[in-house]
Structure formats: structure tokens, C-alpha cells
Amino acid sequence: MNLFEQIKQQRDIARKERNQVTLTLLSTLIGEIETKHRSNDKNYSDLIQASQKVIKQTIDSCKEMYELKKDDKFLNEISVLEKLLPKSLEDDEIKVIINDIKEKILDIKILTKEVMSYLKTNYFGRYDSTKVLQFIKEI
């Protein structure tokens, strides 16, 4: 099940549990994702990537609103949203992936391209590109 389907599933659970705050948050999030995905913006052409970007933008907005209003409602929304995002890869996990690919590729430029492509395809949004490039240089 992809991220967008998980959001819809969580919305349905909130509806059954009559959790109006979560239901409203997730319904709004779904609408925003669908709107961005249908737009002609290439940054939102992939539904999963669009979902991750909109969730991260919404978390940032909630953090800003919390700083302004000090309303715990925003902290609750942040908590719900953060649970939707996939867990970030640990540094050691990234290094294992790099080493696995490195065993097959000796040219550093090709290695960098292959590692970044692999991570984008399989772990989009779950790693820091700067760290990955640093790890590649260390190997």
C-alpha cells in the first residue's frame, strides 16, 4: 500500500472512530495532495512524492502556527502527520546500500549516479543527499 492509500485508510479509521480533528486534517491533506498531483507542476507528478511533499509542507506550516499561537492542536496535527511519513534511513543503512552498489561499480562518477538513482527510486524522501555524497567520498 502506497503512502497516499495509507492516508486514505487513516482517514477512514478516523471517521469510524469519530475523531473529527484527525478526520478533518487528513481529508484536507488528501484534497491538497490531489490538487497538487493534478496540477501541471512536475514536482508533484508522482503521487507518492506529492504526498510526501505536501505532508512535509503541512508539518512546517503547523510548526509555524504553533510558534505563533502556542495552541497544542498544532502539536497534535504534527504528531498525526509525522506518523504518516516513512522512517528515515539510518546512516549505517545508507552505507550498506552504497557498499552493495560499490562492489559492482568501480568508477566513482557512475557509482554516485547509481547510488542516487537507487535511493531515489527505493527510498525517496528518507535520506539526506548531502550525507549520501559524503559517505560515497569516504568509501
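Contact here means heavy atoms within 4.5 Å, and helices (H or I, at least four residues) are DSSP runs, numbered from the N terminus. The model is predicted, so that local features need pLDDT of at least 70 and side-chain atom pairs count only at pLDDT 80 or more, whereas totals for chains, interfaces and linings use all residues. Residues are numbered from 1 along each chain as its sequence is written, and side-chain values use heavy atoms, with hydrogens and water left out.

Two packed helices are described by the angle between their axes and the distance between the axes. The axes are lines fitted to C-alpha atoms, for helices over the stretch in contact, and the angles run from 0 to 180 degrees between N-to-C directions.

Helix α6 (residues 108-123) packs on α7 at an angle of about 145°, with the axes 11 Å apart. On the α6 side the contact is made by I108, L111, T112, V115, M116 and L119, which meet S129, V132, L133 and I136 in α7. Sorted by class, this contact of α6 with α7 has eight nonpolar, two polar and no charged residues, where Ala, Val, Leu, Ile, Met, Phe, Trp, Tyr, Cys and Pro count as nonpolar, Asp, Glu, Lys and Arg as charged, and the others, Gly among them, as polar. The crossing of α6 past α7 is right-handed, a term used when the near helix is turned clockwise from the far one by less than a right angle, with left-handed for anticlockwise.

Helix α5 (residues 91-102) also packs on helix α7 (residues 129-138), at an angle of about 55° and with the axes 10 Å apart. That angle makes α5 oblique to α7, given that angles under 35 degrees count as roughly parallel, over 145 as roughly antiparallel, 65 to 115 as roughly perpendicular and the rest as oblique. In the contact, D91, I94, K95 and I98 of α5 meet K131, V132, F135, I136 and E138 of α7. By class, the contact of α5 with α7 has five nonpolar, no polar and four charged residues. The crossing of α5 past α7 is right-handed.

**Salt bridges**

A salt bridge is taken to be a side-chain nitrogen of Lys or Arg within 4 Å of a carboxyl oxygen of Asp or Glu, and by this rule the count comes to five.

| Pair | N to O distance |
|---|---|
| R11 and D12 | 3.4 Å |
| K36 and E32 | 3.9 Å |
| K131 and D91 | 3.2 Å |

For solvent exposure, buried means under 20% relative accessible area, exposed over 50%, and partly exposed in between (1.4 Å probe, protein chains only).

The bridge between K131 and D91 links distant parts of the chain, since K131 is in helix α7 and D91 in helix α5, 40 residues apart. K131 is partly exposed at 34%, and D91 is partly exposed at 28%. Elsewhere, salt bridges that share partners join R11, D12 and R15 into one network.

Key. Helix = DSSP H or I, 4+ residues; strand = E, 2+ residues; numbered from the N terminus.
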